[in-house]
Amino acid sequence: MLLDVTLYGRADCCLCDKLREALRPLEGELGLVVHEVDIDSVSDLRARFGLLIPLLVPGLPGTVAPPFCQTRFNADTITLLRTWAKQSRVEYQAKQTNIV
């Protein structure tokens with residue numbers, strides 16, 4: 001099961017680059033699919049997020065959900081991602097069990 005997360009950021013953003021690098025090993029470990037959105041490519045996003053990047057949100061681009069992290073990515077964020085991934089898999093398996 002793959003889990004979608006969206007990284008809102010911009011080009012030439014050193015914090016965005018650091019978050020991108022930190023997510024790479026978690027893609028394989030947790031089955032994350034990272035969708036990147038350049039906020040400068042959409043004026044509404046640029047106005048909405050401005051300097052509040054990088055922003056990592058569960059789900060596909062456009063999903064309204066509380067972010068995992070905003071501007072800072074640390075060990076607590078990794079723990080939160082692992083917990084979310086585990087919970088998402090448990091919920092998915094429970095739904096599959098109820099379907100059968």
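Analyst: One residue and its surroundings

Leaving aside residues up to four places away in sequence, Thr 6 touches His 35, Val 37, Leu 55, Leu 56, Val 57, Gly 59, Leu 60 and Pro 61, where contact means heavy atoms within 4.5 Å. This is a predicted model, in which local features need pLDDT of at least 70 and side-chain atom pairs count only at pLDDT 80 or more, while totals for chains, interfaces and linings use all residues. Residues are numbered from 1 along each chain as its sequence is written, and side-chain values use heavy atoms, with hydrogens and water left out.

Thr 6 lies in strand β1. Strands (E, at least two residues) and helices (H or I, at least four) are DSSP runs numbered from the N terminus. Thr 6 counts as buried because its relative accessibility is 1%; buried means under 20% relative accessible area, exposed over 50%, and partly exposed in between (1.4 Å probe, protein chains only). A polar atom of the Thr 6 side chain lies 3.5 Å from the backbone oxygen of Leu 60. In β3, Val 57 stands opposite Thr 6.

Two strands pair if DSSP finds at least two bridges between them. β1 and β3 run antiparallel and are joined by 4 bridges, whereas β1 and β2 run parallel and are joined by 7 bridges. Val 37 in β2 is the bridge partner of Tyr 8.

Together, β1, α1 and β2 make a right-handed β-α-β unit. Right-handed means that, with the strands pointing away from the viewer, the path from the first strand over the helix to the second runs clockwise.

The structure as a whole has 5 salt bridges, each a side-chain nitrogen of Lys or Arg within 4 Å of a carboxyl oxygen of Asp or Glu. In one of them, Arg 20 pairs with Asp 17, with the closest N and O atoms 2.6 Å apart. Arg 20 and Asp 17 are 3 residues apart in helix α1, so about one helical turn separates them. Asp 17 counts as partly exposed because its relative accessibility is 35%. A network of salt bridges links Asp 17, Arg 20 and Glu 36. Arg 24 and Glu 21 also meet in a salt bridge, at 2.2 Å from N to O, and both lie in α1, 3 residues apart.

Another salt bridge joins Arg 82 to Glu 29, the closest N and O atoms being 2.5 Å apart. Arg 82 lies in α3 and Glu 29 in α1, so this pair ties together parts that are 53 residues apart in sequence. Arg 82 is partly exposed at 37%, and Glu 29 is partly exposed at 45%.

Helix α3 itself covers residues 75–99. Asn 74 caps the N-terminal end of α3, with a side-chain oxygen 2.9 Å from the backbone nitrogen of Asp 76. Thr 77, Leu 81, Trp 84, Ala 85 and Ser 88 are buried in α3. The buried residues of α3 pack against several elements, among them β1, the strand at residues 3–9, and α1, the helix at residues 14–30. β1 is also the strand that holds Thr 6.

Technical notes:
The expected span of a helix is 1.5 Å times one less than its number of residues. A polar contact is a pair of N or O atoms within 3.5 Å; within protein, one must be able to donate a hydrogen and the other to accept it, and residues adjacent in sequence count only if both atoms are side-chain atoms.
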